[in-house]
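Here is a short note to read beside the model. Please keep the structure open while going through the points.

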Amino acid sequence: MGNYLQMSTQQQIRALLEIGWSHRRIAREVDVHRETVARYARAKPASPIIGSANEPEDQNQPNLITGSEALVEGQNRPNPITGPESPAADHHEFIAKQLDKGLTAQRIWQDLVELYGYEHGYQTVQRYVKRLKRMTPEVADRMEHPPGQEGQIDFFKSKAPVYDERRHRWSKPWVFRMTLSCSKHGYEESLPDRKLVTFLRAHEHAFMELGVPRVVRMDNTKTAVTRACLFDPDVHEVYEEFAKHWGFIPLPSRPHHPQEQGVQERSGGYVNDNALKGRRFESLGAMNEYLRGWNRRIAQLRIHGSTRRQVLTHFLEVERPAMQSPPSERFALFEVGSRSVHRDGYVEVDGNFYTAPYQLVGQRLRVRWDERLVRIYHQGQEVRIHAKKPGFGQWTTCDDDRPAHKPARQEAYERNLLARAERIGEHALAWAKAAIVERDVRSYRLLQGMLSLTRKHPRERVDEACRTALRSRVFRYRSLRQLLEREAARIPVPERRLTQEHELIRPLSDYAALAAAGGI
């Protein structure tokens with residue numbers, strides 16, 4: 001059971017509200033929470049006590065100024081002197097002028113402290129500014145939309161639960177709604193998730209039903225807008241291509257400005273309150289079937305409060321002829337993302353792996369894929385294209401993406417070793433092929449050893465040693481090395497002497513003469 005205030009406390013709160021005290025001051029005086037005071041204020045709004053015609057004016061009553069008398073000379077803001085006196089009221093004219101310039105309460109307080117030596121806190125100015133703004137509400141703009149000009153879309157949670165057979169529980173799905181701003185005709189569809197593919201397919205269904213408007217306005221949902229910005233928002237790459245295909249301009253609303261999408265905000269609430277609230281459905285298909293029938297029977301036959309016309313009639317007579325025709329082919333859906341090139345030279349897409357040029361190892365690349373192809377981009381240029389693999393855990397390799405000394409596949413690695421052996425000589429190539437037949441995959445390290453011998457011995461000598469080893473069917477690295485060392489020991493190394501006399505070498509006698517003359 002909730003707590004109730006005593007009758008005397010309730011009367012005290014109402015009396016203080018009537019004389020214009022602020023909620024904060026009443027809460028401090030009566031020792032209750034400000035929300036409690038606010039509840040009593042909503043139940044009986046505060047009104048200033050003004051003496052009747054038969055009673056003398058109370059001298060203790062605050063001087064209440066309303067209407068034109070409250071206007072300060074040269075200003076368009078009334079002086080809000082009803083309620084408790086604020087320390088900031090002494091600077092009303094200055095504050096009003098600064099507000100007209102668009103300055104914030106924080107900036108106004110700083111200027112008051114600097115220019116007038118204001119000794120009170122920032123919150124006194126903040127509260128006073130709020131009171132000024134409440135007394136001068138801004139006039140809202142009404143946006144008129146020509147036929148076929150704009151459609152507004154939104155995602156919202158359904159108020160009707162749907163049974164999920166996969167998870168064996170009830171859940172509330174998402175509802176996609178597109179509303180034409182001129183005729184207020186709409187299309188709605190319940191969706192299992194907010195993925196990009198689902199989002200775009202719902203667009204297509206709406207376009208096939210209604211036509212294509214010139215502009216599609218949306219809130220800053222991450223499915224369509226990658227970066228919300230007041231001046232230059234970034235639209236999702238796939239959504240931008242989708243818009244070009246269907247011939248409309250995507251227009252995100254400004255952040256924190258729901259009034260720009262007022263048609264759709266009200267339309268979404270209408271669908272929830274009129275069609276879905278208080279119902280439940282056994283499946284998503286059953287919910288969509290009901291929404292289609294509800295639209296035919298009720299939504300498009302109603303007389304709209306803004307246009308004062310039947311929605312369907314207005315759409316058919318005025319807006320339908322102005323809508324763009326849909327293209328002949330549906331949009332080829334694709335996905336995009338950033339991927340790092342792993343140390344083995346592969347990028348991962350949907351659980352499978354595809355090679356990129358080995359020079360890009362460690363870099364972030366842009367990848368675009370659909371049901372058939374995987375395209376890899378570097379700095380806006382397509383560097384590789386692969387056929388998309390089904391399932392998971394499969395590897396797709398392009399030989400050009402591997403460095404010559406590190407091929408990815410066994411066959412390519414073997415071809416690389418044989419090509420290097422061929423550069424040594426024909427006997428080295430024949431010995432290498434025979435070694436592969438004899439020792440299979442174990443021969444690869446043996447071939448690496450044979451190739452490494454060229455660092456210490458001439459290629460001709462290695463080729464001759466391979467001829468001798470092949471004749472004897474010897475396929476061991478140690479035996480090949482011994483043949484080379486024995487041949488190297490048999491051939492004497494020519495003695496090397498430094499040249500003492502040459503036309504480019506000055507004789508030592510010249511240096512001796514220079515030394516004697518003191519030249520060096």
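**Aromatic pairs, a helix and a sheet**

1. The structure holds 22 aromatic pairs. This is a predicted model. One of the pairs joins phenylalanine 94 and tyrosine 116 edge-to-face, at 5.3 Å centre to centre and 70° between the planes. Phenylalanine 94 belongs to helix 4 and tyrosine 116 to helix 5, so the pair links distant parts of the chain, 22 residues apart. Phenylalanine 94 is buried, at 15% relative accessible area. Tyrosine 116 is partly exposed, at 47%.

2. Tryptophan 431 and phenylalanine 475 make a tilted pair, 6.1 Å centre to centre with 35° between the planes. Tryptophan 431 is in helix 13, while phenylalanine 475 is in the loop between helix 15 and helix 16, so the pair ties together parts 44 residues apart in sequence. Tryptophan 431 is buried at 0% relative accessible area. Phenylalanine 475 is also buried, at 6%.

3. One aromatic cluster includes Phe155, Trp174, Tyr239, Trp246 and Phe334.

4. Two arginines sit over rings. Arginine 25 lies 3.7 Å from the ring centre of tryptophan 21, over its face. The charged end of arginine 280 is over the ring of tryptophan 170, 4.5 Å from the centre.

5. Back to helix 4, residues 92-100. Its buried residues include His92, Ile95 and Leu99. The buried residues of helix 4 pack against helix 5 and helix 6. Just after helix 4, glycine 102 has a positive phi of about 90°.

6. Strand 12 pairs with strand 16 in the parallel sense, over two bridges. Phenylalanine 353 stands opposite tryptophan 395 of strand 16.

Key:
Residues are numbered from 1 along each chain as its sequence is written. This is a predicted model: local features need pLDDT of at least 70, side-chain atom pairs count only at pLDDT 80 or more; totals for chains, interfaces and linings use all residues. Side-chain values use heavy atoms; hydrogens and water are left out. Two strands pair if DSSP finds at least two bridges between them. Helices (H or I, at least four residues) and strands (E, at least two) are DSSP runs, numbered from the N terminus. Buried means under 20% relative accessible area, exposed over 50%, partly exposed in between (1.4 Å probe, protein chains only). Contact means heavy atoms within 4.5 Å. Rings of Phe, Tyr and Trp (its six-membered ring) pair if their centres lie within 6.5 Å; planes under 30 degrees apart count as stacked, over 60 as edge-to-face and the rest as tilted. A charge sits over a ring if NZ of Lys or CZ of Arg is within 6 Å of the ring centre and within 35 degrees of the ring normal.
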